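Thanks for coming. I will take a few places in this model one after another, starting with helix packing and then going on to the sheets and loops.

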Amino acid sequence: MNPAVEARTGALGASAGAPTPRRRKLIEVALPLEVINKESAREKSIRHGHPSTLHLWWARRPLAAARAILFAQLVDDPSSRPDLFPSEEDQRLERKRLFHLMEEMVPWEATRDERIMRQVREEIAKSSDGPLPPILDPFAGGGTIPLEAHRLGLEAHASDLNPVPVVINKALIEIPPRWAGRKPVSPSAEIRNDWPAASGLAEDVRQYGQWMRDEAFARIGNQYPKAMLDDDTEASVIAWLWARTVRCPSPACGAEMPLVRSFWLSKKKSRPKYVVPVVEERRVTYKVGGPDGQPRTGTVNGNGAECLVCGDIAPLKYVRSEGAAGRMREQMMAVVAEGKRRRAYLAPNRQHVSAAEVERPTRVPQTELPEKALSFRVQAYGMRRHADLFTNRQLLALTTFSDLVGVARTKVERDAVLEGMRQPEAAEYATAVATYLGFAVSRMADYSSTIATWSSNPQNELVRSTFSRQALPMTWDFAESNVFGPSSGTLDIMISALAKALDILPAERSSGHATQADATYRSYNGYVVSTDPPYYDNIGYADLSDFFYVWLRRSLGDIYPDVMTTILTPKEPELIASPYRHAGSREKAEHHFERGFVETFTRIREGHHPDYPLAVFYAFKQSETDAVDGTASTGWETMLNGLMEAGLSVTATWPVRTERAGRSIEIGTNALASSIVLACRPRPSTAAITDRRGFLGALRRELPSALQDLQQGNVAPVDMAQSAIGPGIAIFSRYAKVTESDGTPMRVRRALALINDVLAEVLSAQEGEFDMETRWCIKWFEQYEWGKGKFGDAETLSKAYNTSMRGLEDTGVTASGDSSVWLVKPADLRESYVPGTAARISVWEAATHLSRVLDGTGKLSGVDAAGELLAGIRRHGGLDEDSIKDLAYLLYSVCERNNWSESGQRFNNLVGSWQDLQSAAYTAEKRARSNAPTPAQLSWDLVTNENADA
């Protein structure tokens, strides 16, 4: 592995006359981004035992990223210890050792490897001159950062204004250590001698969860009948599928109109199934069709709803008015049952329809939904209260289970006393078990609302949760889970997921503390802060979390009376820019966010531990265009401005890939590639003032070497603009003020635009270092991509670069015909290419052939084959292989400007795979020295011979 992404941001953070800086930490100098990004992306596919399965929270950061950032935030960079590492080579080797340890610690499997975790804790302790500092996340959310601080042996503190994440964090870092190593108290628990960590508590959650399930079934199981299959055998129901309906507005019709997005039940190629609506006497009934044929299209779209009886189209405005008037109804369309090794789809019958016809229970959540909220759509259709999001049968199940949480708590306390616990301790333990049981009911609600839908995808025929995204959208047809059934949405599955996560939570190290607090006003004295603050106006956490809070408060309100004091979660102090909370004023909403952000980070700066940098995650991509200053994001700009106004200087920024698993991204979209992690220090009181010219001069002097280090560290081209913000904004924020030519303070947005301009200058300047053939290809590519241009223009350009069209065509990188010239696409380059046969290799030739092999689908493709090719390029000599990567960066920037997504993807992939290519080339060279032919080498000969024969 190329060991360093060595952005010189630490040095950039110092200004003339400033006091001697404290020891720089690893996060301020270098990070092994590749492995952090790889494991962060991989973690998205891990579910069993993952702490996120305790309870849903939105926009969680991956554990791998949080663990790596905390480590780098606390551990000294070798350059800050010249007493131990006097030379640059000593520092490089030590940094490589630290990176190797980080590579070992970030995989998910490492969280249970005590050998690795012990080494990590020891390394953190070596960089501390005294007791290890307490870690605080004042916007704790789903608890990723506090949990990882706890795992690293640090005193972890989590706080949040919202009671839902407060209780989630208690379940992650407070409760497990309290009961570590204790055996379960349930009489039906598994009998064994060793109960490590919180596994005894997890076992009790399983046992009392099963008791709750059995007790609930005894009370309401008759409302969940089994289904009769075609072979007259009974089967458990997985879900009932429903269509909302309104009455047709046509006076001549008046039929109930089913509102259906899609009639598909299963899209498996071997046995597709779908709902067939049947019109009988001005009434719609349903049967199941398939495997032959296709379902009809849905009845509702953005234009309106179609009446299946008369064919008229009712506008959506009418549908909304019927919903608002309380006249929207539901019809059962199908029953999904557990068949023999497959789903069974059945038409509804009277038994199943009657079972769903239950009275609305008393004491259901009558709390009001917000009149307006980010990504809420249901209010316009008459869903004004939280109870309106559920069918009566769903409300019956959820109230029954939430009532049983209290009954189970009493049962746990009694059993604990019988096992020898004293009464106060038994009561405390019962509270702990009840907390997780309450989570199970809350999580079940996510699959037990009328916003949940049925997935007909071949890979997962199941109920999709309410919050498949961060919104509460309107759904037309919906799926009602069987809470006692065998698939998604059952209490059994929720309890199992909770217990698996609890089994392996860190519980035998330092203690954790979770409290409810407003980040703007709480104390920060002596803490090291690592945090993931709200994202401007992206997510309305408080409004969304009320969906869960109304059930958690019903189950756990008397357990956490100090946390759950309000009927709904606190709204007004929430640090987001939501105009609907400020009488529709965007200006007031922005002011609320900006002032709150500045006040919060001012308090953090004043109390923060002086020996360590502050770390801030921020998931924002530059996506809003300013006509004057270029591209910038309002939220991103506001966050940077807030940090600087709070007296902080940004000493590093790192793009940590936390939002997607693929290695390529479509150019021209606003899809977020990364979370940006910022390291910040207090700006010295002696910080200087400069003007625009001074700022630009500093950028041009210092940014090229920093960008070169980023390129050497294989930062992906798609992330380069964000990475460049680090050294660039470090220069900007080290000054007390940067003034424009008219004396006004420079805006952050303008500074970001200038940083991007200098980045473009640096990348363009690299063009002068390439050979003439490559420079010709770059100019032609900028004009035509892979399209055709006039031969005369190509000839004229070749004279300017002292090359020839014949020579370019002989290398195979260009082609001509009909008085036109074009660059040959990498995929169309000849497979028989062997570097050793050419007198000279251009950088363009090497880069495009490597791209061909790397992304190809032929006999010679993939990383190993591309490594063989790179080894051949090395053997040929005369080419600096780093120039290949430099060219890929430059071409990516050209593609991004022109929105050439497919080409840009290729060049991004080439950089992203660079370390793998170098490793594969090294392996190929070793094999060559041993004279052992590899499969790839044999394939080279085969393809070359085939082409020769042809």
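Please look at helices α23 and α26, where A847, L850, S851, R852 and L854 in α23 meet R906, N909 and L910 in α26. Sorted by class, this contact of α23 with α26 has four nonpolar, two polar and two charged residues. Before I go on, note that this is a predicted model. Helix α23 covers residues 843-854 and helix α26 covers residues 901-912, and their axes come within 10 Å and cross at roughly 90°. Angles of 65 to 115 degrees count as roughly perpendicular, and α23 and α26 are therefore described that way.

Next, another pair in this part of the chain. Helix α24, residues 863-876, and helix α27, residues 914-929, have axes that come within 7 Å and cross at roughly 70°. These two, α24 and α27, are therefore also roughly perpendicular to each other. The crossing in which α24 passes α27 is right-handed. Which residues of α24 and α27 meet? From α24 there are V863, D864, A866, G867, E868, L870, A871 and R874, and from α27 there are W914, D916, L917, Q918, A920, A921, Y922, A924 and E925. The class count for the contact of α24 with α27 is 10 nonpolar, two polar and five charged residues.

Helix α8 spans residues 199-220, and helix α11 spans residues 392-418. Their axes come within 9 Å and cross at roughly 135°. α8 and α11 are therefore oblique to each other. Their crossing is right-handed. On the α8 side the contact is made by Y208, W211, M212, R213, E215, A216, R219 and I220. On the α11 side it is made by L396, A397, T400, F401, L404, V405, V407, A408, K411, V412 and D415. By class, the contact of α8 with α11 has 13 nonpolar, one polar and five charged residues.

While we are at α8, look at the loop between α7, residues 163-178, and α8, where A197 is found. A197 is not a glycine, yet it has a positive phi of about 50°.

Now the sheets. Strands of a sheet pair through backbone hydrogen bonds, either parallel or antiparallel.

Taking the strands in turn, β7 is residues 264-266 and β8 is residues 273-280, and two bridges join them. W264 has Y274 in β8 as its bridge partner, and S266 stands opposite K273 in β8. The hairpin that joins β7 to β8 runs through six residues.

Strand β9 is residues 283-289, and β8 pairs with β9 over seven bridges in the antiparallel sense. Within that pairing, V278 stands opposite T285 in β9. The hairpin of β8 and β9 has two residues between the strands, and in this hairpin E281 takes a positive phi near 50°.

Is the peptide bond from G290 to P291 cis or trans? The bond is cis, with omega near 5°.

The other sheet on my list is also open, with three strands in the order β10-β11-β12 and antiparallel pairing. Its edge strands are β10, residues 300-301, and β12, residues 313-314; each has a single partner strand, so one side of each is left without a neighbour in the sheet. Two bridges join β10 to β11, residues 304-306, and these strands run antiparallel. V300 stands opposite A305 in β11.

Last, salt bridges. How many salt bridges does a search of the whole structure find? The search finds 58. One of them is between D77 and R95, with the closest N and O atoms 2.9 Å apart. D77 lies in the loop between α3, residues 63-74, and α4, residues 88-105, while R95 lies in helix α4, so the pair ties together parts that are 18 residues apart in sequence.

Terms used
Residues are numbered from 1 along each chain as its sequence is written. This is a predicted model: local features need pLDDT of at least 70, side-chain atom pairs count only at pLDDT 80 or more; totals for chains, interfaces and linings use all residues. Side-chain values use heavy atoms; hydrogens and water are left out. Axes are lines fitted to C-alpha atoms, for helices over the stretch in contact, and angles run from 0 to 180 degrees between N-to-C directions. Helices (H or I, at least four residues) and strands (E, at least two) are DSSP runs, numbered from the N terminus. Angles under 35 degrees count as roughly parallel, over 145 as roughly antiparallel, 65 to 115 as roughly perpendicular and the rest as oblique. A crossing is left-handed if the near helix is turned anticlockwise from the far one by less than a right angle, and right-handed if clockwise. Contact means heavy atoms within 4.5 Å. Ala, Val, Leu, Ile, Met, Phe, Trp, Tyr, Cys and Pro count as nonpolar, Asp, Glu, Lys and Arg as charged, and the others, Gly among them, as polar. Two strands pair if DSSP finds at least two bridges between them. A salt bridge is a side-chain nitrogen of Lys or Arg within 4 Å of a carboxyl oxygen of Asp or Glu.
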